[in-house]
Amino acid sequence: MSPATNALSPALVSHLPTGLLIGGQWGPAEDGRTFEVADPATEEVLFDVSDASPADGLRALEAAHAAAPAWRAVAPRERSELLRAVFATLTARADDISALITAECGKPLAEARAEVVYGAEFLRWYAEQAVRTDGLVRTAPGGANRQLVSRRPVGPALLITPWNFPIAMATRKIGPALAAGCTVVIKPAHLTPLTTSLVAEIIRGHLEDRGLPTGVVNVVPTSSAGEVTTPLLADPRLRKLSFTGSTGVGRTLLKGAADQVLRTSMELGGNAPFLVFADADLDAAVEGALVAKLRNTGQSCVAANRFLVHDAVARDFGQRLARAFSELRVGPGSEEGVQVGPLIEAKAVDKVDELVAVASDEGAQVLTGGDRPRSPGHFYSPTVLTGVDAGSRVVTEEIFGPVAPIVAFADDDEGIALANDTEYGLAAYAYTRDLARAVRVGEEVDAGMIGINRGLVSDASAPFGGMKQSGLGREGGEAGLEEYLETVYVAL
Ligand code: SIN
């Protein structure tokens, strides 16, 4: 424990699980190893967390496999009520959980609170969906036979979650998995494992209180992700992999999943265009840009990465955005009034700084920001760049930081072509007052999620996911449950 934990309530700190959760029991890693989790705003170590080995990962899979028949046999209504009860506890403990998110992930408290609401909502939504898995009985077209189509849980699932939304990315996977009747092994990000462990402990407590199998949810934090996940992917007891993270790691996992032909859900990288057409309401566009760009300090797969702005309004939009960015308060997320927190680690700041430096060397103009405003902590100022070349690395690479590069376009065809000029296809945003133009963006921009006159698309009840190299499958909404179900057809 350190001074950085002072923002956390003593009750939370004394009960926070820092071990591995396997078969309903918290315990140390088999070799006793631990790793440190630090506060990105102060760089102080918060907690030492048990560091799972490959053998620990396999023990967790054994537990998930052992609990699978009993969990699958639990009535949908009971699974639903469990999820609903966990939703209620997460909501009641929102202050504690948001303080923990801010401590390990850095985002401002108001954003952490919003994430708890968003994250808890996945459990409420899937509590409602748990009792609605559909099937079908019908007469085959020939008339002689009957078709009975039913759904069953796909089986034990490995859930690999990222550090940027430590509660929401966990519940977005746990909710549908449990609703469908799957047991899980969760491998949280080593930078932010504590929120996930707290959520898992809340679920474990509710399972125990209801006399349900506690091995349904297992958690293996580790600093050696590849070493722990590789044997799991090779083990025939695992039937499903759900991953949120970079496209590079996603590709490696997909190759690993091929041997057992695992069902996979992949929510990967993005390079979201934010189109501002000449007829846009610029005040609304700036407001939307603040959310689309700066939520979690730009560290989101759906963050606006490239601002594609019509020539006629590019200068005006750039100035307004720069003014809005320069007025924001940057600092530790636990401080009152802070609007932009730190990046997650030092190398993230270095990468952002390098992208800005390369763009400026190429002739882009820094309208605001472009510096590291404070230390200690991994801070970078909200930055607006204009006159950026469409081929600059700050445009073609996922920035994952508070930098808004503006590229001008001459007409709708060019704007849409630029928007699609990427291997990614996760999110896109567009500001226009023209309905026909909005419809065209909705039909022609290659992205799984498109916000029209909105800077936020995330919603537990909507299908979240991408096309092209941004991923496979969808999370959230009805589609999220499908990812954990097998379809079985019985010919009668
Ligand atoms: C992500 O960055 O992967 C998720 C963001 C969200 O759910 O809004």
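Me: A crossing of two helices counts as left-handed if the near helix is turned anticlockwise from the far one by less than a right angle, and as right-handed if it is turned clockwise. So is the crossing of α3 and α5 left-handed or right-handed?
Reply: Keep in mind that we're looking at a predicted model. Helix α3 covers residues 76–92 and helix α5 covers residues 109–129. With the near helix turned anticlockwise, a crossing gets the first of your two labels. For α3 and α5, the crossing is left-handed.

Me: How do α3 and α5 run relative to each other, roughly parallel or roughly antiparallel?
Reply: Their axes come within 7 Å and cross at roughly 160 degrees. Anything over 145 degrees gets one particular name, so α3 and α5 are roughly antiparallel.

Me: Which residues of α5 does α3 meet?
Reply: On the α3 side, the residues are S80, L83, R84, V86, F87, L90 and T91. Taking both helices together, the contact has nine nonpolar, two polar and four charged residues. The α5 partners are V116, A120, E121, L123, R124, Y126, A127 and E128.

Me: And α6: which hand does its crossing with α3 have, left or right?
Reply: Helix α6 spans residues 168–180, and its axis lies 8 Å from that of α3, at an angle of about 155 degrees. These two are therefore roughly antiparallel as well. The crossing of α3 past α6 is right-handed.

Me: How many nonpolar residues does the contact of α3 with α6 have?
Reply: From α3 come R79, L82, L83 and L90, and they meet T171, G175, L178, A179 and A180 of α6. Sorted by class, two residues of this contact are polar and one is charged. The nonpolar count is six.

Me: Which element gives the largest share of the lining of the largest pocket?
Reply: This pocket has a volume of about 1000 Å³. It's lined by 41 residues, and W163, F243, G245, S246 and V249 are the closest to its centre. Elements supplying at least two lining residues each are α8 (225–234), β10 (240–244), α9 (247–258) and α12 (346–361). The largest share, seven residues, comes from α9.

Me: How many charged residues are in the lining of the largest pocket?
Reply: The nonpolar class has 17 residues here, and the polar class has 17 too. That leaves the charged class, with seven.

Me: What is the volume of the largest cavity?
Reply: The whole structure holds four cavities of 30 Å³ or more. The largest has 14 lining residues, with F165, M169, R172, S300 and F464 nearest its centre. Its lining divides into seven nonpolar, four polar and three charged residues. The volume of this largest cavity is about 80 Å³.

Me: Which elements give two or more residues to the lining of the second largest cavity?
Reply: This cavity has a volume of about 60 Å³. Of its 14 lining residues, P273, T422, Y424, G425 and D446 lie nearest its centre. The elements in question are β12 (272–276), α14 (412–420) and β17 (424–425).

Me: Where does P376 lie?
Reply: The peptide bond leading from S375 into P376 is cis, with omega near 0 degrees. P376 is found in the loop between β14 (365–368) and β15 (383–386).

Me: What is the phi of T297?
Reply: T297 sits in the loop between α10 (282–294) and β13 (304–310). Most residues other than glycine have a negative phi. T297 has a positive one, near 55 degrees.

Notes:
Residues are numbered from 1 along each chain as its sequence is written. This is a predicted model: local features need pLDDT of at least 70, side-chain atom pairs count only at pLDDT 80 or more; totals for chains, interfaces and linings use all residues. Side-chain values use heavy atoms; hydrogens and water are left out. Axes are lines fitted to C-alpha atoms, for helices over the stretch in contact, and angles run from 0 to 180 degrees between N-to-C directions. Helices (H or I, at least four residues) and strands (E, at least two) are DSSP runs, numbered from the N terminus. Angles under 35 degrees count as roughly parallel, over 145 as roughly antiparallel, 65 to 115 as roughly perpendicular and the rest as oblique. Contact means heavy atoms within 4.5 Å. Ala, Val, Leu, Ile, Met, Phe, Trp, Tyr, Cys and Pro count as nonpolar, Asp, Glu, Lys and Arg as charged, and the others, Gly among them, as polar. On a 1 Å grid over the protein atoms alone, a cavity is a set of points where a 1.4 Å probe fits but cannot get out, and a pocket is an open set with protein on both sides within 12 Å along at least five of seven lines; lining residues have an atom within 4 Å of a point. Grid points are joined across faces, edges and corners, and a volume is the space filled by probe spheres set on the points.
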